[in-house]
Amino acid sequence: MKLLVLIHRLPCPPDRGAKLRAAAELRWLAARHQVWCAGFIDPPGDDEPGAAAAIEASLSRLRAECRAVEAIPLRRSFARLRAMVGLCGGGTATEAYFASSRLCRTVLRWSCKVGFDAVLAFSSSMAPLALEVPARRRVLDFVDLDSRKWAESANRARWPMNWVYRTEARRLARREREWMTGFDATVLCTPREAELVSDPLLRQGLHVIETGAAAGTLSAGSAMPVMQGGAGDCLPSEPVVGFLGAMDYGPNVDGVCWFAKRIWPLIIEKRPDARLLIVGRSPSKAVRNLGDGDRIEVTGAVPEVEPHLRRMRVMVAPLRLARGLQTKVLTAMAMGRPCVVTPCVAEGIGAQAGQELLVAELPGAFAAAVTEVLGDEARAAAVGRAGRRFVIRRYRIDDALARLERLLVAEPTVGGAA
């Protein structure tokens with residue numbers, strides 16, 4: 001088939017949860033069909049010397065997999081201005097932020113020349129453009145409901161931003177309902193997200209596809225990490241605590257700063273030899289300031305996340321605001337790393353607390369859980385093995401991606417969210 005895949009942020013490099021999911025979907029579809037891919041790419045910052053090389057390496061791989069790739073640099077200052085203008089004009093900031101006449105021209109030119117059989121829109125911001133493309137099938141992968149993220153952000157923000165977030169949440173929720181009726185099938189990443197859609201008519205075209213984990217080294221045709229010996233990696237002896245994510249994303253910035261200020265000192269009291277590794281591109285000033293050249297390292301952009309995951313003895317996800325499926329945590333679990341997470345992260349994963357991952361909410365309990373796996377090799381290995389078995393058992397990624405492919409090539413079954 002001739003497929004058009006629209007992605008709000010191209011997985012170049014695949015260094016955050018949504019990009020890991022997008023990379024897995026792209027690789028699966030490109031191995032089986034002719035794929036044209038278009039979307040935005042975050043240009044490297046002046047303070048990220050390695051970002052340009054990481055982006056170009058990922059783009060080269062993407063171009064080798066697809067028939068054509070259109071990567072539009074996303075100029076954040078202009079995008080933010082467009083978003084505010086769009087919101088003030090009665091629309092949504094989400095649609096305006098990712099609006100691009102260049103992207104639209106390229107996609108419609110491809111459409112006239114190629115004649116696409118199906119279109120996959122990755123995230124709500126790509127929905128309007130996908131609906132303009134003539135195709136037999138259209139599928140929208142929401143990943144999760146962005147309107148709920150805005151609503152939860154409004155509850156934590158002060159005026160005037162709480163008004164901005166609440167307005168965006170209300171308008172985007174209305175648009176999400178419209179898109180659910182406009183696409184042949186819509187996809188969410190967890191049953192928890194699907195439960196938020198109560199309208200029985202909308203649920204008929206709704207499907208839950210949990211794509212699970214994807215690391216930098218992938219087997220042919222599969223998005224699961226390649227494991228030496230098939231049993232997962234041995235844990236490193238050095239007490240490295242790791243965090244992975246886009247470090248300009250509000251919930252990640254909040255979570256890692258809270259961890260560094262409230263939890264990390266408690267860990268250092270027990271383990272003065274511990275090191276904190278913060279991996280992810282575009283670190284905000286607050287995140288950059290955490291790096292001290294000694295105990296805390298902030299990497300910025302990296303070509304692949306897997307080598308850094310291998311350095312970690314324990315992975316933490318201390319997010320205080322989280323929706324959907326935290327793919328970065330599943331990736332670490334698939335590599336046999338014990339993970340310590342907050343309850344809102346654990347809820348989206350569904351693993352058994354205390355056995356397959358460790359869950360804590362308050363700083364003291366979180367620090368105690370991290371210190372436990374740093375100091376007890378047997379306990380760390382047991383949690384890592386159990387977590388890896390859980391991911392392999394629950395998140396059968398080849399099956400999930402095959403389901404997504406079937407939505408693009410054939411009529412979906414009714415009641416996919418059940």
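Visitor: First up, which residue in strand 5 is the bridge partner of Ala 118?

Guide: That's Arg 137. Keep in mind that we're looking at a predicted model.

Visitor: Noted. How many bridges join strand 4 to strand 5?

Guide: There are 5 bridges between strand 4, residues 118-122, and strand 5, and the two strands run parallel.

Visitor: And is strand 5 buried or exposed?

Guide: Buried: 7 of the 7 residues in strand 5, which spans 137-143, fall in that class, so the strand is largely enclosed by the rest of the structure.

Visitor: Which way do the side chains go there?

Guide: Arg 137, Val 139, Asp 141 and Val 143 point one way, while Arg 138, Leu 140 and Phe 142 point the other way, and all are buried. In general, side chains of a regular strand alternate between the two faces of the sheet.

Visitor: What about strand 9 and strand 10, over how many bridges do they pair?

Guide: Strand 9, residues 275-279, pairs with strand 10 over 3 bridges, in the parallel sense. Within that pair, Leu 276 stands opposite Ile 296.

Visitor: Helices now. At what angle do helix 1 and helix 18 pack?

Guide: About 65°, and their axes are 10 Å apart. Helix 1 covers residues 17-30 and helix 18 covers 397-409. The two helices are therefore roughly perpendicular to each other.

Visitor: Is the crossing left-handed or right-handed?

Guide: Helix 1 passes helix 18 in a right-handed crossing.

Visitor: Which residues meet there?

Guide: From helix 1 you get Ala 24, Glu 25, Trp 28 and Leu 29. On the helix 18 side they meet Ile 397, Asp 398, Leu 401, Ala 402, Leu 404, Glu 405 and Leu 408. By class, that contact has 8 nonpolar, no polar and 3 charged residues.

Visitor: One more: Lys 19 in helix 1. Why does Lys 19 count as buried?

Guide: Because its relative accessibility is 3%, and the cut-off for buried is under 20%.

Visitor: So what is Lys 19 in contact with, leaving aside its neighbours within four places in sequence?

Guide: Lys 19 touches Arg 9, Leu 10, Pro 11, Cys 12, Pro 13 and Pro 14, plus Asp 42 and Arg 281.

Methods:
Residues numbered from 1 in each chain as written. Predicted model: local features only at pLDDT ≥ 70, side-chain atom pairs only at ≥ 80, totals over all residues. Heavy atoms only, no water. Axes fitted to C-alpha atoms, helices over the stretch in contact; angles between N-to-C directions. Helix = DSSP H or I, 4+ residues; strand = E, 2+ residues; numbered from the N terminus. Parallel < 35°, antiparallel > 145°, perpendicular 65-115°, else oblique. Left-handed = near helix turned anticlockwise from the far one by under 90°. Contact = heavy atoms within 4.5 Å. Nonpolar A, V, L, I, M, F, W, Y, C, P; charged D, E, K, R; others polar. Buried < 20%, exposed > 50% of the residue type's maximum accessible area, 1.4 Å probe, protein only. Pairing = 2+ DSSP bridges.
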